[in-house]
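Visitor: I am new to this structure and would like to learn how to read it. Could you take me through its features one at a time?

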Amino acid sequence: MIFFLDSVCLRDIKEACSTGLIDGITTNPSLIARSGVDMDSVVRDICCEVSGPVSVEVMSDGVDGMLSEADRFLEFGENVVVKIPASADGFVACKRLCDRGVKVNITLCFSVVQALLAAKAGAEYVSVFIGRVDDAGYDGLRELSDIREMYDNYGFRTKILAASVRSVYHIAEAAKIGADVVTIPMKVFRQLSSNLFTESGIRSFSKDWKEYMSSGTAKARDVRCVKEVCYME
Ligand code: G3P
């Protein structure tokens with residue numbers, strides 16, 4: 001499963017990427033607006049920082065506006081993926097860009113039919129907003145699963161991207177369904193490795209080891225003797 005970080009915060013991006021577990025970045029207009037940064041410069045900086053795909057979203061309504069925004073984004077870096085909403089104009093713009101070899105992420109996908117159009121238009125990714133489906137009182141994971149089934153029926157190669165992720169549970173379930181990609185907010189990324197049993201297991205191993213090591217060197221010497229016998233054999 002490919003991991004993207006859903007963020008425009010360079011500090012968080014550096015921290016998450018330093019783990020070696022993040023394969024790319026997704027951004028969106030709300031994240032950029034909330035952070036108060038200049039879009040062009042932050043996206044250029046992210047594209048330099050990260051070698052994997054960086055999704056940047058167009059804000060124009062019409063096909064021509066989307067295409068010219070896409071051309072501007074493509075100058076930011078070779079790893080730019082143009083993010084286009086799953087609207088009627090969005091699918092047309094997607095098809096035109098994909099025909100030119102540009103990678104497109106169809107975003108704001110909420111239905112199987114929208115995902116079908118994304119695949120027909122040649123999108124590299126389709127972002128399914130599972131958290132927002134849940135917020136509306138429906139089942140976002142079910143939507144994701146239906147899209148997986150439909151893509152498998154036809155062997156579509158568009159990658160299913162689980163977006164609007166709110167919890168570690170969402171990620172576990174998306175992985176079981178077979179989503180190709182998940183984009184993770186920093187808060188959830190920090191929670192990924194957390195497990196109470198692992199943490200208490202580490203504490204009890206550490207306690208036992210410290211007691212053993214402080215109980216005198218005799219036992220450690222015994223261990224070395226046992227090893228020497230083994231090596232001789
Ligand atoms: O970046 C797309 C998506 O992950 C945003 O999700 O619903 O938390 O704003 P949301």
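Guide: Let us begin with domains, whose bounds come from an automatic or database domain assignment. For this chain the assignment gives domain 1 (2-189) and domain 2 (196-232), and the centres of domain 1 and domain 2, taken over C-alpha atoms, are separated by 48 Å. Please keep in mind that this is a predicted model, in which local features need pLDDT of at least 70 and side-chain atom pairs count only at pLDDT 80 or more, while totals for chains, interfaces and linings use all residues. Residues are numbered from 1 along each chain as its sequence is written, and side-chain values use heavy atoms, with hydrogens and water left out.

Visitor: In what order do the eight strands close into a barrel?

Guide: Strands of a sheet pair through backbone hydrogen bonds, either parallel or antiparallel. Strands (E, at least two residues) and helices (H or I, at least four) are DSSP runs numbered from the N terminus, and two strands pair if DSSP finds at least two bridges between them. Here the order is S1-S2-S3-S4-S5-S6-S7-S8, with parallel pairing. Neighbouring strands of this sheet are turned by 30° against each other on average, direction ignored; such angles run from 0 to 180 degrees between N-to-C directions, with axes fitted to C-alpha atoms, for helices over the stretch in contact.

Visitor: Which strands are joined to S4 by bridges?

Guide: Strand S3 (residues 54-57) runs parallel to S4 and is joined to it by four bridges, and four bridges also join S4 to the parallel strand S5 (residues 104-109). Val 82 of S4 is the bridge partner of Val 56, and Val 82 is also partnered with Val 104 in S5. From S4 the chain crosses through helix H5 (residues 88-99) to S5 in a right-handed β-α-β crossover, where right-handed says that, with the strands pointing away from the viewer, the path from the first strand over the helix to the second runs clockwise.

Visitor: Are the faces of S4 covered or open?

Guide: A residue is buried under 20% relative accessible area, exposed over 50% and partly exposed in between, using a 1.4 Å probe and protein chains only. In strand S4 (residues 80-85), six of six residues are buried, with Val 80, Val 82 and Ile 84 on one side and Val 81, Lys 83 and Pro 85 on the other.

Visitor: Why does Asn 105 count as buried, and what does its side chain join by a polar contact?

Guide: Asn 105, in strand S5, counts as buried because its relative accessibility is 0%. A polar contact is a pair of N or O atoms within 3.5 Å; within protein, one must be able to donate a hydrogen and the other to accept it, and residues adjacent in sequence count only if both atoms are side-chain atoms. The side chain of Asn 105 makes such a contact with that of Ser 127, at 2.8 Å.

Visitor: Where is Arg 148 found, and what does Arg 148 touch?

Guide: Arg 148 belongs to helix H8 (residues 140-154) and counts as buried because its relative accessibility is 12%. Contact means heavy atoms within 4.5 Å, and, not counting residues up to four places away in sequence, Arg 148 touches Ile 160, Ile 177, Gly 178 and Asp 180. The side chains of Arg 148 and Asp 180 are also joined by a polar contact of 3.2 Å.
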